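Student: I have a sequence and a model on my screen. Can we walk through the salt bridges and the sheets?

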Amino acid sequence: MIKNVYVIGHKNPDTDSIASAIAYARFKNLTGHHNYIAARCGNVSSETQYVLDRFKQKAPKFVGDVRTQVRDMDMRKIPGVAEEMSLRDAWNTMKENKVVSLCITEGTYLKGLITTGDIMESYMGSYDANTLSQARTSYTNIVDTLDGTMIVGDISDEQIEGKVLIGAGTPDILEEYIKPHDIVILGDRYESQLCAIEMKADCIIICAGSKITQTIQTIAHEKGCKIISTPHDTFTVARLIYQSLPIRHFMRTKDLITFKQDDFIEDIHPIMASTRHRYFPVVDSAGKYMGMVSRRNFLAATKKQIVLVDHNEKSQAVNGMETADILEIIDHHRLGTVSTTRPVYFRNQPLGSTCTIIYLMYKESGIEISKDIAGLMLAAIISDTLLYRSPTCTEIDKNAGAELAHIAEVNEEELAKSMFRAGSNLGDKSADEIIHQDFKKFSVGKTNVGIGQISSMDSNELSHIKDTILPELETTAKKDGLDVVLFMLTNILNESSEVIFNGNKAEIALESGFGVTSKDHHSVFLPGVVSRKKQMLPTITDTLSMNN
């Protein structure tokens with residue numbers, strides 16, 4: 001089976017991260033791979049949702065953790081069995097499937113479990129003569145187990161009273177111990193058959209394929225006594241009949257060890273190691289039975305395969321990234337902390353947007369870009385370059401944007417205004433949600449830094465956002481384990497940013513790095529600074545590195 005490959009951007013994804021995942025997954029599928037899925041590991045921002053809606057794209061699949069899960073194991077898709085199944089059929093099913101456990105289901109839901117050990121224990125134990133009736137054994141099971149035929153009576157009935165006995169001896173002796181509702185195992189003697197019927201037995205089992213006269217059949221029908229004919233001898237029937245017991249009489253229903261499809265194998269490994277079971281049922285999030293896994297399946301579990309787009313920093317990557325199999329990295333940022341266990345395809349170019357790189361890949365491969373995907377990629381380039389005003393923007397970005405605008409049949413200025421208006425219209429979002437909607441974490445030596453950014457064409461909106469999030473920065477620093485928190489309030493029209501901050505080193509880093517003075521000890525104004533990647537991060541990194 002071909003494994004899915006998740007194309008996934010960074011945490012707190014921006015428009016470029018989401019658009020890159022969608023556009024690159026489409027590119028890979030169009031070039032013959034067919035199993036690449038766009039994914040995200042964070043919420044979609046207001047700006048990005050506007051873009052997705054405008055260009056008729058669904059948000060990528062949410063994948064919060066890429067550690068190996070039970071669903072990544074080679075699961076045995078053995079169907080669940082009904083609780084009425086006989087012990088013999090259960091044993092044969094296990095042999096056919098080469099397993100030592102069966103899952104008992106009711107509809108699609110797991111109800112119990114039975115193992116070969118349970119069957120062996122039941123078979124080696126001493127049965128009470130009333131066990132068949134205590135277990136409400138069906139006559140369907142009895143007939144099938146004995147390879148028999150129901151001559152008289154309803155095969156769908158259950159045995160709910162009486163015991164099982166062998167009808168040895170003369171009729172006089174039989175009359176002494178045959179009681180109403182018993183099941184009597186008999187040979188071909190007419191007198192013994194008649195005696196059992198007259199003593200109100202529920203069923204007589206005639207062994208060795210012996211002839212059953214029409215008279216016996218008529219009397220049995222009148223008296224409500226069933227007749228089963230079997231080719232086996234009396235000894236064999238006495239041995240087999242208890243294999244007709246339903247497995248619900250022996251199945252385990254309490255303290256079952258089950259795994260969910262979404263469980264991580266590093267979490268289930270200690271459970272597997274501490275039990276003697278060889279197979280474990282797997283259920284989905286709703287409790288529906290999906291199959292079984294064994295220790296051998298655990299050892300053969302394969303890692304999730306991923307492609308990273310728009311980032312290569314471990315702190316920004318999806319949870320569990322270090323345990324996944326990274327196939328490719330497509331990015332336009334500085335080289336970060338992601339490492340791989342083997343060589344991968346890595347494309348990193350100093351451009352304004354990851355979508356510009358992906359646009360180039362479409363062109364290089366001669367792949368046509370659809371109207372909607374062109375609009376999506378254009379929006380990403382506009383977002384990351386602030387409509388070509390950012391210092392990260394290159395002529396390649398501008399040319400890509402112009403061609404994509406032509407394909408998408410949109411006006412770049414109009415799209416930019418609509419996008420940025422949607423992004424800065426934060427409605428009823430909390431301060432924490434605003435901070436984290438475009439927030440990236442970096443490590444500079446031993447200092448952990450978080451930098452957020454929001455861009456707008458309206459200075460009043462930016463002022464309102466500042467008043468909303470400024471009191472929350474200290475809480476953000478503590479919750480996220482950060483030493484420095486910076487948040488850029490970028491005015492696109494004025495090509496400037498006000499940076500609000502928290503952390504002992506934040507004010508010094510900003511003042512030293514940019515040669516400005518903070519008048520209120522919680523913000524600085526930076527004319528000409530609009531890029532987190534090319535202006536803010538390098539300056540802060542250099543300043544903190546010198547002071548570490």
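Tutor: Start with one pair of side chains. Lys28 is buried, and Glu328 is buried too. Keep in mind that this model is predicted.

Student: Which strands does helix H1 lie across, and what angle does it make with E2?

Tutor: H1 covers residues 15-30. It lies across E1, E2 (36-40), E16 and E17 (325-331). Its angle to E2 is about 175°.

Student: What is the strand order in the open sheet of 6 strands?

Tutor: The pairing in this sheet is parallel. Strands E3 (61-62) and E18 (345-348) each have a single partner strand, so they stand at the edges. The order is E3-E2-E1-E16-E17-E18.

Student: Which residue in E16 stands opposite Val7?

Tutor: Look at the pairing of E1 (residues 5-8) with E16 (residues 305-309). These strands run parallel and share 4 bridges. Opposite Val7 stands Val307.

Student: Which strands does helix H13 touch, and what angle does its direction make with E17?

Tutor: H13 spans residues 354-365 and packs on the sheet. It touches E17 and E18. Its direction makes an angle with that of E17 of about 100°.

Student: Back to charges. How many salt bridges does the structure hold?

Tutor: Lys28 with Glu328 is one of them. Glu83 with Lys111 is another, at 3.0 Å between the closest N and O atoms. The structure's total is 27.

Student: Is Lys111 buried, partly exposed or exposed?

Tutor: Buried means under 20% relative accessible area, and exposed means over 50%. Lys111 has 29% relative accessibility, so it counts as partly exposed.

Student: What is the distance between the closest N and O atoms of Glu106 and Lys111?

Tutor: Glu106 is exposed, with a relative accessible area of 53%. It forms a salt bridge with Lys111. The closest N and O atoms are apart by 3.5 Å.

Student: Which residues make the nonpolar surface patch of about 320 Å²?

Tutor: One member is Tyr123, found in helix H4 (residues 116-124). Tyr123 has a relative accessible area of 33%, so it is partly exposed. The patch is made by Met120, Tyr123 and Met124.

Student: Which strands stand at the edges of the sheet of 5 strands?

Tutor: This open sheet has mixed pairing and the order E19-E20-E21-E22-E23. An edge strand has a single partner strand, so one side is left without a neighbour in the sheet. The edges are E19 (439-444) and E23 (523-527).

Student: What is the bridge partner of Lys440 in E20?

Tutor: E19 pairs with E20 (residues 447-456) in the antiparallel sense, over 6 bridges. In E20, the partner of Lys440 is Ile451.

Student: Which helix packs on that sheet, touching E21, E22 and E23?

Tutor: The helix covers residues 506-514. Its direction makes about 150° with that of E22. It is helix H20.

Methods. Residues numbered from 1 in each chain as written. Predicted model: local features only at pLDDT ≥ 70, side-chain atom pairs only at ≥ 80, totals over all residues. Heavy atoms only, no water. Pairing = 2+ DSSP bridges. Helix = DSSP H or I, 4+ residues; strand = E, 2+ residues; numbered from the N terminus. Contact = heavy atoms within 4.5 Å. Axes fitted to C-alpha atoms, helices over the stretch in contact; angles between N-to-C directions. Patch = residues over 30% accessible without salt bridge, like charges linked within 9 Å, V, L, I, M, F, W, Y side chains within 5 Å. Areas by Shrake-Rupley, 256 points an atom, 1.4 Å probe, with all protein chains shown as cover. Salt bridge = Lys/Arg side-chain N within 4 Å of Asp/Glu carboxyl O. Buried < 20%, exposed > 50% of the residue type's maximum accessible area, 1.4 Å probe, protein only.
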